[in-house]
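Please keep the sequence and the model in view while reading.

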Amino acid sequence: MDQLFQHLVNAFMLGGTYALLGIGLTLIFGIMRVVNFTHGELYSFGAYIVYLAAAALGLNFFLSLAVAIVAGFLLGSLIELALLRPMRRADIDTTMLVMIGAWIVLQNTELLLWGGVAKAVPAPFAETPLVLGPVSVAPLRVFVLGAALLLIVGTYALINRTKLGRAMRATFQDSETAALMGVNVSAIYTATFAIGSGLAAAAGALLGPVFLVTPTMGDLASLKAFAIVILGGLGNIQGATIGGFILALVEEIGAGYISSGYRDAMGFLIIILVLLFKPTGLFARAERVG
Amino acid sequence: MRRAVGYFWALFLFSVPLWLQDQYLLHILIVTGIFIIAAMSLNLLLGYTGQLSLGHVAFFGIGAYASALVSLGFDVDIFGYTLVHEPWPVLAGFALGTAVAGLCGYAIGKLSFKVRGAYFVIVTISFAEVTRLVALNWVDLTQGPLALTNIPPFTFDLPGIGRYALWGKFSNYYLVLVVAIVAHMVIKRLVESRIGRAMIALKENESLAVSVGIDVTRYLVLAAVISAALAGAAGSLYAHYVKIIDPDIFLFIYTVTMVIMVITGGKGTLAGPIVGGLIFGFMPVIVRSFVAPEVQWILYGALMIAIIYLLPQGIVPAVERWIGSRVEDSQHSAADALPDSRNAGGSR
Amino acid sequence: MIEAQAASIPPALSVEHVTVRFGGLVAISDLNFTVTEGEIVGLIGPNGAGKTTAFNVITGFLRPTQGAVRYRGKSLNGLKPHEVASLGLVRTFQRTSVFQNNTVFDNVLIGLHRRGRDTLSDTLLALPRGKASERALRDQAWEILRLVGIERRSSEFAGALPYGDQRLLGVALALAAKPSMLLLDEPVSGMNAAETASFMTLVKRIRALGVTILLVEHDMPMVMGVSDRIVVLNYGRIIAEGSPAAVQSDAEVIRAYLGQGAKRA
């Protein structure tokens, strides 16, 4: 029973960052209908920037996190402007293949710049875990959860309370009508991709210090992000949030009680099962952003 | 004319081991040949039938593992019951590997009808990843990351000569070449037939195909089965040639390699995967002495993006169009002398 | 006289009290009519009256919320579109009516799919039966191209054809599937007067081959000139049915079209 609580707590922390990953992708996949293979690379990019800033350049940890998120935002904008904008008219296969090409280039650039050895990111938190009854939690993880929740709330506010968010929601519903109503759909696409990428980078930046930073960490992250999006329903931020926590929970329980090796398979099994039985996701409301 | 060219190429390819001294290049040819078979099979599903299956390496790997395990023998515990398999001849492994892969293709084919578009892409990728994780973790059966080793080579019982095992590059080259030619013939006959037309029709315009009585599910599943079986056969060839396989065979990057070969060569054309396969099979050889592997991959990625922008249909169609326009030019200059005798009908 | 004949011959197609609802929207309400073997029936009505929805229901692309469709006595409920086509009910499409990236000849070859007798093994083993079957299909393709009148364009790409010829190709494609009943969805839209006139002749020729025809059209002179009987839809219901002359002078029909820019009405 104690074990169960520990798993739950671990899942909670992981879930927050998974949620960020999922929200970012559900925005991109939902609004732009692009199968974004680079999402995982933005995740590892965020982790590497934090490493670069905090470990190599010695910047303040929290500042490094902020830098990583902004860097992810900028890289996302660059990818959208350079690769996706010219391909606006193309069909889904072509766009998908361009994204695969971009993924290859990004991952190998990271490999080239930082090498294949795993990197550790130092964090200014005490090593000794907080013990609450049967559960022990490292302070770093508490911070990670807090930061993730803050970002989730911020994103939610952005989508539902700002003009930009309204424009994004309109574009999600019907891009043609949105354009007729004066929305600069092109700019919205760029903003969406940038924000989604920034969130992925945030997830990576937060998890980097928790685990190690490796060049292939992005691959699994990409697929888990898709699992979360499918679970929560396309464009559904609340769904993605809950989906993130559900995935983390399933992984923790699966790893704890079945086998740790199959931990990562949980995400894929979820994808396959959900798409087979409930393709609109677990939270089957009408598709909407927000 | 086309046939003559085909025969010429076949003859040329058959002669290669007789004069090629560089054993390393021969090895590259063999592995490239295996990948070309896999690429041709992917082309059937992706290029001709229009299904965005990005889990193709799963069929390749399943064929490899099934074939290897059948020929090595194994014993596993399944829910307390021990299943023991004695080693069977490699040819049986090849047949079973192909069959098992084909069966998986059947499942994917049926699935693709429930799950369309981008979701289908994700499901197929997930399928490949799950297969990889199973191969990695079911150590009892697959040895996990420790790899299946000492996989026996193809062995033929030839009358008069006795047992002939394909240990070396020379013999394996011919085996791969023969299988590649057979695979090419199968695909060619299929796509040029009534059945092939049905597959192409379903890619082009599904509602229209259905309205003239084409059973879309049936042909989709057929394409998936044949495609998967051929990929499984390629996997089996691979396993018995390199004689050691590990779960890395299921890595997404190999699917990407096959996709790059098909797309840059020209999806939906017979020559496309061959051209693409040769380019991306040999590029590492040419490039490796100059740059690090990471840079190689950056180049592939950049090349793929460039080709999608500049020659979206691929290299082979672009070349065909170029040749076609040359022929047209010469025809036009001949026809310019004659009066325009086109039918003066009612149309504009 | 046509009505008397229709009464003694069993109906080919019978649409029986079909209703189609999309959520709260009623697309078709209590649609009930029959088409007799060998008849040419025209289905007309203002835009949005439910004509294409009716087509979709009849050919299995849409499931009716209520009611049934029967062809030669056999219920079509729950059948998939390709199964409906196999029964002999073939339709054309208003938009994207051809395979754009294939040649005219290949388009018709694709349409001939159902008539092929070769199996997978015939194909893979290149057996003579496969080759004979293929040759037979090719001969039939030429016949159909000649019947429809586009054989001189056989090697052109369908997407590059002038619009009128594309519509003809769409009909050729449907004919290739060996229909006993043909459903034509706005076949002359985009055609000029000369093309429309030759199309009307083609329709009569197809009927003479024994094919029953149901067509949806906006071109009034065309539909009135070619049909034995007219069914008029408005807001998803039948508001009139009868001979072209009777329908043209029907008060409710005139009211339905008033203010609607019916083409050359």
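## The four-stranded sheet of chain C

In chain C of this predicted model, four strands make up an open sheet with antiparallel pairing, in the order E2-E1-E4-E5. Strands E2 (25-36) and E5 (74-75) of chain C stand at its edges with a single partner strand each, so one side of each has no neighbour in the sheet. Helices (H or I, at least four residues) and strands (E, at least two) are DSSP runs numbered from the N terminus, and two strands pair if DSSP finds at least two bridges between them.

Strand E4 (residues 66-71) of chain C pairs with E5(C) in the antiparallel sense through two bridges. Opposite Tyr71(C) stands Lys74(C) in E5(C).

## Conventions

The model is predicted, and local features need pLDDT of at least 70, side-chain atom pairs count only at pLDDT 80 or more, and totals for chains, interfaces and linings use all residues. Residues are numbered from 1 along each chain as its sequence is written, while chains are lettered from A and ligands numbered from 1 in the order in which they are written.

## The six-stranded sheet of chain C

A further open sheet in chain C has six strands in the order E6-E7-E8-E3-E9-E10, with mixed pairing. Its edge strands are E6 and strand E10 (237-242) of chain C, each of which pairs on one side only. From one strand to the next, the twist averages 15°. Angles run from 0 to 180 degrees between N-to-C directions, and axes are lines fitted to C-alpha atoms, for helices over the stretch in contact. Strand E9 (residues 229-234) of chain C pairs with E10(C) in the antiparallel sense over five bridges; the bridge partner of Asn234(C) in E10(C) is Arg237(C).

Strand E7 (residues 181-185) of chain C pairs with E6(C) in the parallel sense over three bridges, and Arg91(C) stands opposite Leu183(C) of E7(C). E7(C) is also joined by five bridges to strand E8 (residues 212-216) of chain C, and these two run parallel. Here Leu183(C) stands opposite Leu214(C) in E8(C). The chain passes from E7(C) through H8(C) to E8(C) in a right-handed β-α-β crossover, that is, with the strands pointing away from the viewer, the path from the first strand over the helix to the second runs clockwise. H8(C) lies across strand E3 (40-44), E7 and E8 of chain C, and runs at about 150° to E8(C).

A residue is called buried if 20 or more other C-beta atoms lie within 10 Å of its own, exposed if 12 or fewer, and partly exposed in between, with C-beta atoms placed from the backbone. Five of the five residues of E7(C) are buried. Both faces of this strand are covered, with Met181(C), Leu183(C) and Asp185(C) on one side and Leu182(C) and Leu184(C) on the other. In helix H8 (residues 194-204) of chain B, nine of eleven residues are buried, including Arg194(B), Arg197(B) and Met199(B).

Ala246(C) lies in helix H10 (residues 244-248) of chain C. This residue is partly exposed, because 13 other C-beta atoms lie within 10 Å.

## The largest nonpolar core

A nonpolar core is a set of buried Ala, Val, Leu, Ile, Met, Phe, Trp, Tyr and Cys residues joined through C-beta atoms within 7 Å. The largest such core has 282 residues, of which Ile271(A) and Ala172(C) touch the most other members. Helix H10 (residues 216-242) of chain B gives the most to this core, namely 19 residues.

Two residues are in contact if their C-beta atoms, placed from the backbone, lie within 7 Å. Apart from neighbours within four places in sequence, Ala172(C) contacts Val108(C), Ile144(C), Leu145(C), Val148(C) and Ile150(C).

## Contacts between chains

Between chains C and B, 35 residues of chain C are in contact with 23 residues of chain B. H7(C) gives the most to the side of chain C that touches chain B, with five residues. By class, this side has 17 nonpolar, twelve polar and six charged residues. Ala, Val, Leu, Ile, Met, Phe, Trp, Tyr, Cys and Pro count as nonpolar, Asp, Glu, Lys and Arg as charged, and the others, Gly among them, as polar.

Between chains B and A, 31 residues of chain B are in contact with 32 residues of chain A. On the side of chain B that touches chain A, the largest share, 14 residues, comes from H5(B). The residues of this side divide into 24 nonpolar, four polar and three charged.
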